[in-house]
Amino acid sequence: MRFSPNGFYIDSYGKCANCGVLLYDEDHALRHDDRSFCSEWCLTWSKRPADDASPLPLEGAKHTYAGATDVVDLKILDGNLASICRDMGTTVMRTAYSPIFSESLDFTCGLFDRRGEMIAVGDFCPSMIGGMPLIVRTIVEEIPLDEMHEGDVIVHNDPYRGGMHTPEHTFLKPIFLDGEIVGFAGAIGHIGEIGGMVPGSFYAEATEIFAEGLRIPPVKIKARGKDQPDVWRLMLANVRTPRANYGDYRALIAGADLGERRVLELIERYGLARFERACADLLDYSEARMRAEIAEVPSGSYGFTDVMEDDGITVDTLTINVKVMIQGDEAIVDYAGTSPQTRGPMNTPLSIPQAASYNAFLQICDFTIPKNAGCFRPIKVLVQPGSLLNVEFPAPSVGGNTECHPRIVYTVLGALAKAVPDRVPAADGGTWSNFLFGGTHPETGEYYTSYDLHTVGWGGRPGADGNDAVGSMNGNCRTVPVEVYETRYPWLVEDWSLVPGSGGAGEFRGGLGMQKTIRCLAPEIIASHVGDRHQVPPWGLHGGGPAGLASTVFKVAGSDVWADARTVYGKVSPSKFAHVTIRDGDRVHVAMSGGGGWGDPARRDPEAVAHDVAEGYISTASAERDYGSGETTP
Amino acid sequence: MSLHLGIDTGGTFTDFVLYDEAGRELTAWKVLSTPSDPTDAILRGLETIDDVGRIASIRLGTTVATNALLERRGARVAYVATRGFRDVPFIQRGNRRAHYDLTWVKPKPFCLRRDAYELNERVDHHGTVLIPLDETEVRALARKLRDEGEVQAVAVNLMFSFVRPDHELSVREIFAEEAPGLPISLSYEIDPRWKEDQRAMTTLADAYVKPIVGRQVRSFREKVAAAGVTGRMAMMKSNGSEMAAEAAEEQPVHLAVSGPTGGVIGAKHLAALKSIGNLATLDIGGTSTDVALVVKGVERFTDDYELEFGIPLRVPMIDIRTIGAGGGSIASLDKVGGLHVGPHSAGANPGPACYGFGGTQPTVTDANLVLGRIEPDAFLGGRMRLDVEAARRAVATVANPHGWSVERASLAIVRIMNNNMVGALRAVLVEQGHDPRDFALLTYGGAGPLHVCDLLHEANIPRGIIPNHPGQFSAYGFTMADARSDRRRSVLMSSRRFDIDRANAIMEDLSETVLADLRRQGHTSDVTLQRSLQMRYLGQNYELELPLSIDRFTEANLGSVWDDFHRVFEERYRFNLPSESIEVVDMGCTAVAAISKPDLPRLPEGMPEAAPASRRQVVFEEGTLDTPVYRRSDLAAGQSFAGPALVDEDVSVTVVRPGYQLAVDDHGNLEITRA
């Protein structure tokens, strides 16, 4: 990574050729064959032949917990840190303006040690839990500690420097004790509108980041406790909804303030040296616990591949390929073989495959492990620079976060299903079908934007059918009730239901997705959409069938025909398109995939099949076709 | 007719508190519960009273509605929705209970999908009828349900019924004609507020428990009357008020959180008696702990309640938060030796190892026993002998791998339990914008007094209180309850476009509804009315409640309403936005009929020095200390002593750490402060 001589912009982004992390000190990086590496381990790994399956242990592993801090004191410390993060989150939720915080919980809060290592994180948005460590490490790399002062707050959203995509804004506050930095408190949240080509900043046809809203490198929005008016003005001049953004930024800063206050109280009780020792031990303890979990997975190399359908600009499919190598109590998650970065905004920065890989492991592990930087140490994620999952400037990435994250999780789980088949479900519906729209409300004359989410079926799993209508793995959002929706936005909701038959057949059936039909009540609404699974269905496991496809279709006023965005608006993709104009009386129908089936449908309990028919989850025809139980139904 | 009786039916015990107006005397006792018919335990408890004819009132806290909901033992319910929306209770809100738990099973609503029906009708958010109700279709449905005879109750939830209830009211009329006797719950009457998913679940819950609650309440009334009681019989509602037993059958969902409210009512009166502004209550039981707040002398209410994850019940209730930690919480080691307490609990069966019912895993109660804080022979007034060796064996399973002594492991278990509690307590306080140091901590329930002093220490709370009869404090609170009716309705107006006439009409309708509710139960005098608004800045998602000092809106007084909101917002969040428009989400009205309260008896002043009844070896962080044990019944007003000390009574033990002291107040409450 090379800055311009005046330090005002970046000349080039240097990354480790093996794992893809940014190299801030390129001059001192390890070099081999004209490529740079972050560590001896990465250099050695990259020199191995591709088929070498021998273990290459990670450096500095802590296989068991042997810290100086008593495990009881660790438990108390972790409880206190978790309580601080939760209270920070409560503060954000209660004071934020956008429903995306309070209803969708699309944010989280974390605490960091003086080196920027995450020591605790709030239990809010899962994609951010795994993504925050990288973001904060970047900030600490870029702003020298001696240029930080008590009362500073740093804001940052740059996807090329650890960020997740432009809407995700991090506010980080250094914590000072007696004039010395002792840690950081931070809050990260999805800001609903940050400028760019379309309302909601989710430009599904972007080919450069400049269409995806305002990009903010690490800068101080508050310095020594005082607002920096120049930064506030610059940020708020570039968004469509400055009032809401102001409120949301303030809420995130209030979260960081509370974290700072409470960490200082904690340090006062512990004493600084003991506090820092215990925090370091807590990371080691989490590492040991994650290692104990991985050790239960049989060692070996497990591969899996899935495809994204298109990117909004071209019709080509994009491959996500993973090889998970379990070597004793650690895992190498290698994304070699994944497509190169693409023209449309389905790319992701490195923080996404990192967060999604951690997410996948936590799904099959004892999830009570304290989430911190230590917990993720035994999982090494390798993503080549310039790949779909490690985007290079100035390629776009706004849709990669939402679309690729859940799919990466399930690609890793698909690989792990070969190692621990009793712990892994079939694929879920894999997307939220993000439907963004905005306009001027005909009744109030006020400008509005909204970000609609939709829920999918979970895959069938050993012992149970998949859940119906639950969000996919990257978030844990609540959908907006219809009565709130119609009161705020000029739509009439005509249908809001489960999609019968959308779950894949199996001994344990996939859950059902949801669907809705809405009719436009305004002269015009401008809408964009980012989704997937319209052409390639979620997969089943162990003989279970695939789930139904998702779809987003339109029926223009006066027409009798439902058709997708390719036909109606001349778009390239049925699932990723931007800036379509929906007019009074036009209808939109969004239907979501169910989950894949698990196990041979022939093994399904006939009573369960009869129950599914009686409850309308599957049709009589499906009962006959998929389960051969037609004749026996009375 | 001078006896007032509070009865709290719990899972293990049924508690009784009797106040004798004539003798100004308070007595408390308990009997084993009888889950098959809870009334049997009540009858057994009544045997303690010499002359049941003197009973003027009974207030009963019941778990019948809660248990029917939690254990899914309710009626088969038909759900009737607007065309296009029958799946609302199945879809819910799409979030999952935990981020990383692929084994989680999403909760089912209180009806089968085959029993969910749709009607052709639609109202929009302005109350405009887009599609009129098709009465023929309603009639056909009513006949079908009647003829099939499978469904035992009906829940109706039509879109925007809170703006325009006409269609729901018509549905009920038609059902009354075609299927009389089929109980029907209307969303407009149960919960006239926006967000159709929460309204759906609440209305379904009401219909679901209606038949079973009706049966139990009738059984209670008949059997107690047969036993010779002629006084007023009332049930405790989730909002902490009493309701005539015959009225409870109409909207049984109001009984969902009946029992735990008593402690909060008791706390409120104790706070007034002792001139304490802010109290946090902590009721530590076997499997869970209830936390509630009394702020500036007033209990807090909520309707943002989930019976379990994904099952919201939106009825007015005292804001009581339940934490899954209690005396039965199990201690365990993780794969690398870390020690955890909970979330699993040994419950009542097998219970802690020391109960001797076959439990082998160490619990918090076992740890307290090992530490000498519980007397094995005096548990539950000596009715149950605890097995110390079994407790030690259980604790050894987590102590041995570390080479710790059983005492050290027990201290660790108790410490982790206390820290979990403090985190939960702090979460409740912070969420409401409070500082723990501004609160006194009132603990009751069997295990509360064991932990109170540690909690004061951990949370930096200056003062702890243990009331009289801590084991029956909820039943005691019932004797203090008022009659109360709350009603809220979503209105969705903003300060920029406030329709004064509509607002006044809704407010009048709300006040008439709550007054009529109390009138029906015989309360016509001493009724006070409080109107309130739920407001927020436009675009925000959480509301603040603003009590109104006016009874009608006028052009002239509206400005003061908005000013009050800005002020209240600033008090809570330390900033406000005076130029923003304000959204009025709900209007509310509460009627309270004050019912005369027992006077708390005073304790006689005794010897200045309290004398311990015995001494025991008790383990504290400071080491094993020779600790005086006082009998609570021996204590007299004005006495005080320093920790380490224990106070033993019928169903609980109060622990005083070294460095803290205990004082007995005029009424016999124990107060712990830093020495």
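## Chain A: overall build

Of the 634 residues of chain A, 61% count as buried. Here a residue is buried if 20 or more other C-beta atoms, placed from the backbone, lie within 10 Å of its own, exposed if 12 or fewer, and partly exposed in between. The model is predicted: local features need pLDDT of at least 70, side-chain atom pairs count only at pLDDT 80 or more, and totals for chains, interfaces and linings use all residues. Residues are numbered from 1 along each chain as its sequence is written, while chains are lettered from A and ligands numbered from 1 in the order in which they are written.

Chain A holds 14 helices and 24 strands. These are DSSP runs numbered from the N terminus: helices are H or I with at least four residues, strands E with at least two. The radius of gyration of chain A is 24 Å, close to the 26 Å from the globule rule for 634 residues, so chain A is as compact as a globular protein of that length. That radius is taken over C-alpha atoms, and the rule is 2.2 Å times the number of residues to the power 0.38. Along its principal axes, the C-alpha trace of chain A spans about 75 × 60 × 50 Å. Among contacts in chain A with a separation of 6 or more, 72% join residues 24 or more positions apart. A contact means that the C-beta atoms of two residues, placed from the backbone, lie within 7 Å.

## Annotated spans

UniProt, in an unreviewed entry, lists residues 70-601 of chain A as "domain: Hydantoinase B/oxoprolinase". Over residues 70-601, chain A is 29% helix and 24% strand, with the end C-alpha atoms 51 Å apart.

For chain B, the unreviewed UniProt entry gives "domain: Hydantoinase A/oxoprolinase" at residues 199-486. That span of chain B is 38% helix and 22% strand, and its end C-alpha atoms lie 16 Å apart. UniProt positions follow the numbering used here, feature names are shortened, and annotations may be inferred rather than shown by experiment.

## Where the chains meet

The contact between the chains takes 51 residues from chain B and 56 from chain A. On the chain B side, the elements giving two or more residues are α3 (88-91), α7 (196-226), β22 (339-345) and α12 (406-431). The largest share, 10 residues, comes from α12(B). The chain B side divides into 21 nonpolar, 14 polar and 16 charged residues. Ala, Val, Leu, Ile, Met, Phe, Trp, Tyr, Cys and Pro count as nonpolar, Asp, Glu, Lys and Arg as charged, and the others, Gly among them, as polar.

## Nonpolar cores

The largest nonpolar core has 352 residues. Such a core is a set of buried Ala, Val, Leu, Ile, Met, Phe, Trp, Tyr and Cys residues joined through C-beta atoms within 7 Å. V77(B), V154(B) and L204(B) have the most contacts inside the core. α12(B) gives the most to this core, with 13 residues. Beyond neighbours within four places in sequence, V77(B) contacts residues including F110(B), V151(B), V154(B), L204(B) and Y208(B). Another core, of 20 residues, lies apart from the largest one and includes Y537(B), M587(B), C589(B) and A593(B).

## R122 of chain B

R122(B) sits in strand β7 (residues 122-123) of chain B. It counts as buried because it has 22 C-beta neighbours inside 10 Å. Leaving aside neighbours within four places in sequence, R122(B) contacts T82(B), L130(B), I131(B) and M159(B). The C-alpha atoms of R122(B) and P132(B), 10 residues apart along the chain, are separated by 6.7 Å.
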